Amino acid sequence: MLLDTWLLYLIACIGLSLSPGPNGLLALTHGAMHGSRKTLFTIIGGATGFMLIIALCMFGIGALLKSSVVWLTVLKWVGGGYLIWLGIQVWRSPPITGELDMKAGQASGWQLYRQGVLASITNPKVLLFFSAFLSQFIDPQRSLMLQFFLLAGTFVVIECVVEGLLANMANRIRHWLKRVGRGFNRTCGGIFIAIGTALPLRA
């Protein structure tokens, strides 16, 4: 993968990881309820789910792109349109308050891991997002396996770092989101809209 393409992907992954989502909120909640160390099970579970989804999307898309250049163009424009739509939804979404349910009892590491996996793989928007997102960066002429490890590894590392920070600073982050939640959503939504507008126009 070309360096400039990877850097653009890196920026997009940071924007995606910083946007409000089930796994981030789950890490925030578990960080406050169970502590940052135990929440590592939740974070690893989410990473496992994301790896599975990225593999499913990437190899399915790769096979499709190898068969038709027309489908590559279609996917880029449809994907860009979806990213713009998602950005508008994030922009208009109500701010996260971070209210936590403190009635949950002590959970085992396996239970937290399982919740992390399910939070990522049961969200239908995740599958659609990666189907649109990865098509912008896959080169069907290069090794899909190498691209998978690079693309999936980059996203998972960033996602784990962000979720780890959320878990470690759960209480302070919760109060901060109460104050600037709407501006936070608009910033993340703006990133999605910009990416969705720019990516289909790239050669």
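A residue is called buried here when its relative accessible area is under 20%, exposed when that area is over 50%, and partly exposed in between. With that in hand, welcome to this predicted model. The chain has 203 residues, and buried residues make up 45% of them. Its secondary structure comes to eight helices and zero strands. Below is a short tour, from the whole chain down to single side chains.

**The chain as a whole**
- Reading along the sequence gives the pattern α-α-α-α-α-α-α-α.
- Take the contacts between residues at least 6 apart in sequence: 90% of them join residues at least 24 apart.

- Helix α1 covers residues 3-18, and its 16 residues should span 22 Å at 1.5 Å a residue; the end C-alpha atoms are 22 Å apart, so the two values agree.
- The buried residues of α1 are Thr 5, Tyr 9, Ala 12, Cys 13, Gly 15, Leu 16 and Ser 17.
- Two packed helices are described by the angle between their axes and the distance between the axes.
- For α1 and helix α7 (residues 144-168), the axes come within 9 Å and cross at roughly 35 degrees.
- The crossing of α1 and α7 is right-handed.
- On the α1 side, the contact is made by Trp 6, Tyr 9, Leu 10, Cys 13, Ile 14, Leu 16, Ser 17 and Leu 18. The α7 side brings Leu 150, Leu 151, Ala 152, Thr 154, Phe 155, Ile 158, Glu 159 and Val 162.

**Helix α7 itself**
- The 25 residues of α7 should span 36 Å at 1.5 Å a residue; the end C-alpha atoms lie 35 Å apart, which agrees.
- Ser 143 caps the N-terminal end of α7, with a side-chain oxygen 3.4 Å from the backbone nitrogen of Met 145.

- Asn 23 sits in helix α2, which runs over residues 22-34.
- The relative accessible area of Asn 23 is 5%, under the 20% cut-off, so this residue is buried.
- The side chain of Asn 23 reaches the backbone oxygen of Gly 116 at 3.3 Å.
- Leaving aside residues up to four places away in sequence, Asn 23 touches Gly 46, Phe 50, Gly 116, Ala 119, Ser 120, Glu 159 and Glu 163.
- Asn 23 and Gly 45 are 22 residues apart along the chain, with their C-alpha atoms separated by 9.6 Å.
- Ser 120, one of the residues touched by Asn 23, lies in helix α5 (residues 109-121).
- Ser 120 counts as buried because its relative accessibility is 0%.
- A polar atom of the Ser 120 side chain lies 2.8 Å from the backbone oxygen of Val 117.

- Ile 84 and Gly 196 are 112 residues apart in sequence, yet 5.1 Å apart in space from C-alpha to C-alpha.
- Trp 85 and Gly 196, which are 111 residues apart in sequence, have a C-alpha to C-alpha separation of 8.6 Å.
- Beyond residues up to four places away in sequence, Ile 84 touches Phe 192, Ile 193, Gly 196 and Thr 197.

**Cysteines**
- The count of disulfides is zero, taking a disulfide as a pair of cysteine sulfur atoms within 2.5 Å.
- Cys 57 is buried, since its relative accessible area is 4%.
- Cys 160, at 26% relative accessibility, counts as partly exposed.

How values were computed: Residues numbered from 1 in each chain as written. Predicted model: local features only at pLDDT ≥ 70, side-chain atom pairs only at ≥ 80, totals over all residues. Heavy atoms only, no water. Helix = DSSP H or I, 4+ residues; strand = E, 2+ residues; numbered from the N terminus. Buried < 20%, exposed > 50% of the residue type's maximum accessible area, 1.4 Å probe, protein only. Polar contact = N/O pair within 3.5 Å; in protein donor to acceptor, adjacent residues only side chain to side chain. Contact = heavy atoms within 4.5 Å. Expected span 1.5 Å × (residues − 1). Axes fitted to C-alpha atoms, helices over the stretch in contact; angles between N-to-C directions. Left-handed = near helix turned anticlockwise from the far one by under 90°.
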